[in-house]
Amino acid sequence: MKSIRFLLFYFIAPLLVFSACDDNDETVSTEIVLSRSEIVVPQIASSTIFYVKSSVDWTLTGTTDWCTVTPTSGLAGETTKLTMNTTENNTTDERTTQLIVSGGGKVETLTIIQSLNLLATTTSYKAKAEGDVINVVFKNDGTNYTITSNSSWIKHQTGTRTVSDKTEPFVISANYSGSKRTGSVTIATKNIEEVITFEQEALNVPTPDQTGMSSSALQLAAKINVGWNLGNTLEASGNETAWGNPKTTQAMIDMVKEAGFNAVRIPCNWMNGYVEDETSCQIKTDWMERVKEVVDYCVGRDMYAIINIHWDGGWLEENPTYAAQTEVNRKQALLWNQIATCFRDYDERLLFSGTNEVHVKDIYDDNKVTAENHEVQQSFNQTFVDAVRATGGRNAYRNLIVQSYNTQLNFATNNLKMPTDNVNDRLMLEVHFYDPYNYSIANENIINYWGKPWSDRGFTVDTWGQEDHVDSSFASIKKNFTDKGIPTILGEYGVNRHSVTDSEIIESRQYWLEYVTSAAKNNGLVPFYWDNGGVDGDAGINQMALFNRKSLKVIDQ
């Protein structure tokens with residue numbers, strides 16, 4: 001056996017040596033060269049080019065379901081262009097693979113790394129001409145990133161932040177420039193820079209007009225002494241007189257002014273019987289003209305006027321939920337675009353108020369209010385502001401009023417985030433006050449007295465909601481809003497008339513009214529008394545009316 005092995009080696013070895021030599025007897029080495037040894041690809045789906053140069057035929061292995069390469073083989077003596085495609089990484093981890101190119105006994109390795117650095121799922125957006133909020137979604141492994149903008153009309157929160165599956169909102173101002181515009185923001189981490197572009201068509205609306213609109217929110221609020229509500233009237237279902245009040249007249253408004261009020265809040269119904277259909281939300285012309293007529297009664301007498309979207313059948317007011325959010329905001333935008341356009345030429349004596357007492361239907365337990373409810377209700381505020389500003393003209397500067405959840409003071413101070421506005425210092429807050437409930441508006445278990453003078457005399461008062469509650473509640477509003485340049489409208493307050501014969505009950509009610517009004521004024525809140533118009537003869541027991549609107553007489557001096 002040994003001799004046979006020797007003979008084989010003796011004859012084969014020279015052939016092996018010969019095969020390794022060319023005609024000039026020089027050694028030829030096997031060469032495979034990759035243009036890159038490592039490629040880091042983005043988290044989103046992408047394509048990357050690399051090259052293989054080889055002296056021998058070669059093949060490529062190591063592809064995966066998320067990383068594929070074309071072609072996977074090549075010929076000797078050629079430089080081959082390869083295209084690598086990677087799918088989006090929807091996992092929570094970085095992923096890698098190694099591509100192996102081999103041939104002629106030679107092996108070269110190319111490492112592919114798909115990172116989880118900050119990357120936008122979409123990098124190009126079209127913004128609405130009337131202004132928009134665009135949520136750009138990023139995926140990130142916790143890397144710090146920064147945002148810089150090349151356009152003042154694209155607003156964002158500045159600074160450095162760390163995120164994972166983050167949504168970054170960009171507020172796009174209405175485009176009054178007269179032409180289409182393009183802007184961008186740059187999102188940058190240590191390793192990656194991405195440019196997000198925004199396109200926006202121009203608005204076909206009047207350019208912003210500050211004529212007659214010089215007052216900031218604080219300045220205008222200071223001009224209102226005390227306001228009055230035209231309650232249970234233009235917000236009534238079906239028609240203006242459906243809830244028992246007579247049709248509003250100029251004489252009625254004159255009576256209110258003569259009594260000392262210089263502002264009128266006009267609660268309004270728009271959808272509930274006053275639109276052509278609920279899909280288009282087209283407000284009936286005769287109703288829009290009627291609301292305009294009542295507004296003219298006020299501003300024509302140099303009074304301030306507020307119009308809003310009130311209960312209105314509950315389509316907005318009772319639906320602060322994710323399930324209803326999109327449809328409610330659609331209607332909110334359509335209605336306010338029409339309202340704001342109709343009243344665009346009025347000066348600053350007219351204010352718009354976006355909603356009323358937004359709350360989940362039949363739920364009045366504060367402990368059952370969720371973050372969802374606050375978030376959705378605040379989106380109604382933002383839609384209102386954006387829709388009004390988009391109509392241009394004087395509305396670009398009009399003072400606008402937004403509400404806390406259910407217009408409650410505690411939700412204002414603890415939960416409300418004011419909407420973003422494209423003009424400075426033109427927003428006001430609205431809250432309502434009917435504390436304590438069993439004294440002010442309850443229909444049963446009524447408490448007839450309020451205040452320390454009556455508790456000291458042995459009369460039964462509520463265990464909460466007394467003078468200290470009024471003081472602390474209004475002081476909190478002053479600290480959190482008025483002192484920060486956001487005046488507050490006390491859009492509704494009042495207490496039912498429990499008696500017209502018992503002097504103690506009458507005097508206690510007068511004390512509540514004076515105390516609450518004074519405390520509001522002292523803390524920068526602008527009080528608007530709630531007058532529902534209800535009268536029982538001239539008594540109005542368990543009603544809040546100050547005036548008999550039919551006889552045009554003061555019934556509660």
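Predicted model: local features only at pLDDT ≥ 70, side-chain atom pairs only at ≥ 80, totals over all residues.

D421 sits in the loop between α7 (409-415) and β24 (427-433) and R389 in helix α6 (residues 371-389), so the pair ties together parts that are 32 residues apart in sequence. Both D421 and R389 are buried.

A second pair is R301 with D254, whose closest N and O atoms are 2.9 Å apart. Because R301 belongs to the loop between α4 and β21 (304-308) and D254 to helix α3 (residues 250-258), this contact joins parts that are 47 residues apart in sequence. R301 is partly exposed, at a relative accessible area of 33%.

R349 also forms a salt bridge, with D347, and the closest N and O atoms there are 3.0 Å apart. R349 is partly exposed, its relative accessible area being 23%. Beyond these pairs, a network of salt bridges links E278, E327, R330 and K331. The structure holds 21 salt bridges.

Charge also gathers on the surface: E276, D277, D286 and E289 make up a patch of negative charge. Of these, E276 is placed in the loop between β20 (263-266) and α4 (285-299), and E276 is exposed, with a relative accessible area of 53%.

As for the chain as a whole, it has 11 helices and 28 strands, and buried residues account for 51% of its 557 residues. Its radius of gyration is 36 Å, whereas a compact globule of 557 residues would have one near 24 Å. The C-alpha trace spans about 140 × 55 × 40 Å along its principal axes.

Terms used
Residues numbered from 1 in each chain as written. Heavy atoms only, no water. Patch = residues over 30% accessible without salt bridge, like charges linked within 9 Å, V, L, I, M, F, W, Y side chains within 5 Å. Areas by Shrake-Rupley, 256 points an atom, 1.4 Å probe, with all protein chains shown as cover. Salt bridge = Lys/Arg side-chain N within 4 Å of Asp/Glu carboxyl O. Lys, Arg positive; Asp, Glu negative; His and termini not counted. Charge placed at Lys NZ, Arg CZ, Asp CG, Glu CD. Helix = DSSP H or I, 4+ residues; strand = E, 2+ residues; numbered from the N terminus. Buried < 20%, exposed > 50% of the residue type's maximum accessible area, 1.4 Å probe, protein only. Rg over C-alpha atoms; globule rule 2.2 N^0.38 Å.
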